[in-house]
Every structure is written in structure tokens, then in C-alpha cells.
Amino acid sequence: MAKSESQSRKTTIVEVPFNQQQYVILEKLRTENVFGTEDGEIIRRIFQEFVKQEGY
Amino acid sequence: MPTYGALKEELVLQPVSGKALPVLRGEVLRIIQEEGEQCVDFNAFNLHDYKEYMGASNTRSRQKFRLKKGDMVWTVSSRDRPMYLILEMPASCVTDILGGRCKASNFVSLGFDLHTNCQDTLSAAIGEYDLTPDDVHDSFNLWMNTEWDSTGSSWITKNTGRKNDYVDLLAIIDTLAVAAQCGSGDTGPISNYSLKPIRLQVYGASEETLQIIENIESRYSGIPGQRTPADFKVNKIKSDRELHRNPNYVPEFINYPLKTRPIPVELDVNDFAKAEAMVAKGFAKDVSECLRVALMMWYSRNRTAKATGRLRY
């Protein structure tokens, strides 16, 4: 995991590796435009949705 | 229950024997318990291409370990097509698609001499179509009460088949269907220590059975990934038994080599803390993996055909 912190915004950048097969899913979700149009935004918002659904 | 066409063929298999019968698209094979409590081993082939045969493991993964009325029998993974629809099956017909088939050596080791067994019975039956014992494949076992546990152990309990029970298999493609009494039935509970006759009937296609098939084809044909020999890089059937390396062969692995791209994801303090908590619970080995796994799991549960019911596996 590559990670960098922005102290001013109190956020953390996490690099999430996807292979080209997994990346197809992100392309579909981007086209769907329910969770955003940027890969990072989609991953973050689906993580939030997953946490909600699974009760973490 | 749909209306079938006229009865085309009928025969009784005396123990222990088997029969290979063409059952064409839209036709129905009925397998009947003449006396009850008899396990039946079932094999099947595409009538026009014997290399496409019933896939026991593919059917298990597509459907379940114990097929019921309404489930489909699938061909091998290399073709991956629906082969039969189980139109009728009583609750007393417990099925098994795990156990494969019995073979002669089983019985020698149990103290019997040469004993009836499914491998040899099915071999004898398919010989009528010039198929060899090597073409016998794992069976779909009807009226076979196999049980198993979480350790992977399996065992067979009493046969619950009743007299006049029947199973109807609707052929979705042209098939060669092969049914045989399980030859081990007189040595254990698989057929309650005796061997009994079974009756086979083949009914012709009808408008209703063909309509069912059209519905299945519209849903399950042309799925990306289903293959025919025309798609195979090597598609000639070997005519000799010895294996020889082809020095000119270059394999074409799918998406090889895999390429990975890192995608930056900005998390606020709360989301990062949640991900770290999930890592601490063993969900993933680090936050990066946690985000990827969460996305893949969410997608599987919310967007795949299986999740949405567009395609039933």
C-alpha cells in the first residue's frame, strides 16, 4: 500500500492496485455513474456503501 | 407439467444393464422405478459431438450438489451449455452428482469377485455407439442418498426410491442419454442390498417442450465465454494415444501477463479508521486490500447477473 497523508485536510491517500480484469468493473461503474465518475471516488463511495450494507 | 409428444420408445432394463438412447432436442427421457429403491447412474453426450458430454463438476458448480426438479444438467466446462432440464422429480428421488461411479476394483477390495459396476455397465452400453470405456464420465446419480459433512467425508444411506417414481429429463440439445442400474446396489444401502429393473421411456417433442427450450436458449445461449470447437486453438481430436510435445506450440493465456495499475483513493479520517478496523478483524491484510476486496464483494452482491437474477447459475 502506498499511502500519503495530507495534514491540512486530514485525509489519507491510499493506492489501491487493480489488475486489468478487475479494472473492467471500475469502468462499468464509471459508466453507470451512480457512485461517481472518478475511479478513486467510486472506490471510496462503494467502500462506504459496503460498510453500511455489511454492518462494519 | 408440460404436455409431451407421443411415446417413441420404451424398454425395461433388467439388472444389471444399461442402454444408450438418442433423446433429441425437445424430447423427454423418463426413468421409472419398476420396483423402487434402485439407484440409476446417468451419462450423456452431445449426439453430434461426443467430446461435449455431461459435466458433473460443471453442473455442481452451476446448480448445486443435489439436483432437484427445475434444475438443469450442464455440459462440460469447455462448452458450458444447458443439456437437460429436470421437468419432474419426486422428493423420494434423492440425487448425487458427487460420487462419480463405482468400478470393478471397488468390489475386489471388498472381498467380492468380479462384480457388476457402473463403469463397466456404462462402457458396455455406449459401445453401441463406438464409444470406449475411457468415454464414460462421472455420473449424475438418481435415487442415490449420498450425505456428506464439513470435513469432506461422504457416505451413502438407505435408498428412498418408491415403486413407480419417475424422473423426466427434457433434452435441450440432441443427446445420447445413457442410463444404467448401479451395480453396487446389492452390496450396500445404495439400492438397499438388491438389484431391481428400471423402465426407460422416450417421449417426442411437443410445442410446449420446445417452447421451454426456446426460453432456456434465449437466456443461456450465447453467454460470452461459452465455446465451440471453432474457438479452440487446438481443435483436432487426437487419433493416437501417445502424447508428443509440439515444439511450435505457443500457448495463449487469457489476459497474460496481468498488468496492475494503482488507483489513488482519498479517505477521510473516519473511512480510514473503519478500514483499519476491518483489517484488524482479518477482513484484509491492509487498507489498500480492504478497499479492493470491499469493491469486488459489493459488486458481486449487487451488480452481477447472479445477484440481479438476470442469469441463474
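I begin with B:E35, which sits in the loop joining strand 3 (28–33) to strand 4 (40–46) of chain B. Helices here are DSSP runs of H or I with at least four residues, strands are runs of E with at least two, and both are numbered from the N terminus. This is a predicted model, in which local features need pLDDT of at least 70 and side-chain atom pairs count only at pLDDT 80 or more, while totals for chains, interfaces and linings use all residues. Residues are numbered from 1 along each chain as its sequence is written, and chains are lettered from A and ligands numbered from 1 in the order in which they are written.

If neighbours within four places in sequence are left aside, B:E35 is in contact with B:K163, B:K196 and B:P197. Contact requires that the C-beta atoms of two residues, placed from the backbone, lie within 7 Å. From B:E35 to B:I212 the C-alpha distance is 31 Å, across a sequence separation of 177 residues.

I turn now to chain B as a whole. Its elements number 7 helices and 14 strands, and its C-alpha trace spans about 75 × 50 × 45 Å along the principal axes. Of its 313 residues, 37% count as buried. Among contacts in chain B with a separation of 6 or more, 72% involve residues 24 or more positions apart. Chain B is assigned domain 1 (7–226) and domain 2 (256–313), with bounds taken from an automatic or database domain assignment. The centres of these two domains, taken over C-alpha atoms, are separated by 41 Å.

Next, helix 3. Why is helix 3 of chain B described as largely enclosed by the rest of the structure? The reason is that 8 of the 9 residues of helix 3 (residues 118–126) are buried. Among them are B:C118, B:D120, B:L122 and B:I126. The cover over the buried residues of helix 3 includes strand 2 (18–23), strand 4, helix 2 (104–109) and strand 12 (175–181) of chain B.

Strand 7 (residues 82–88) of chain B is also mostly covered, with 5 of its 7 residues buried. Strand 7 runs antiparallel to strand 6 (residues 72–74) of chain B, joined by 3 bridges; strands are taken to pair if DSSP finds at least two bridges between them. In this pairing, B:M72 has B:L85 as its bridge partner. Strand 7 is likewise antiparallel to strand 11 (residues 166–171) of chain B, through 4 bridges, and there B:I86 stands opposite B:L169.

Finally, the interface. In chain B, 28 residues are in contact with 28 residues of chain A. Strand 14 (260–268), helix 5 (269–280) and helix 6 (287–302) of chain B each supply at least two residues to this side, and the largest share, 10 residues, comes from helix 6. The side of chain B that touches chain A divides into 17 nonpolar, 3 polar and 8 charged residues. Here Ala, Val, Leu, Ile, Met, Phe, Trp, Tyr, Cys and Pro count as nonpolar, Asp, Glu, Lys and Arg as charged, and the others, Gly among them, as polar. Strand 2 (residues 11–19) of chain A and strand 14 of chain B run antiparallel, joined by 9 bridges, and A:V14 stands opposite B:V265.

Conventions
Buried ≥ 20, exposed ≤ 12 C-beta atoms within 10 Å, placed from the backbone.
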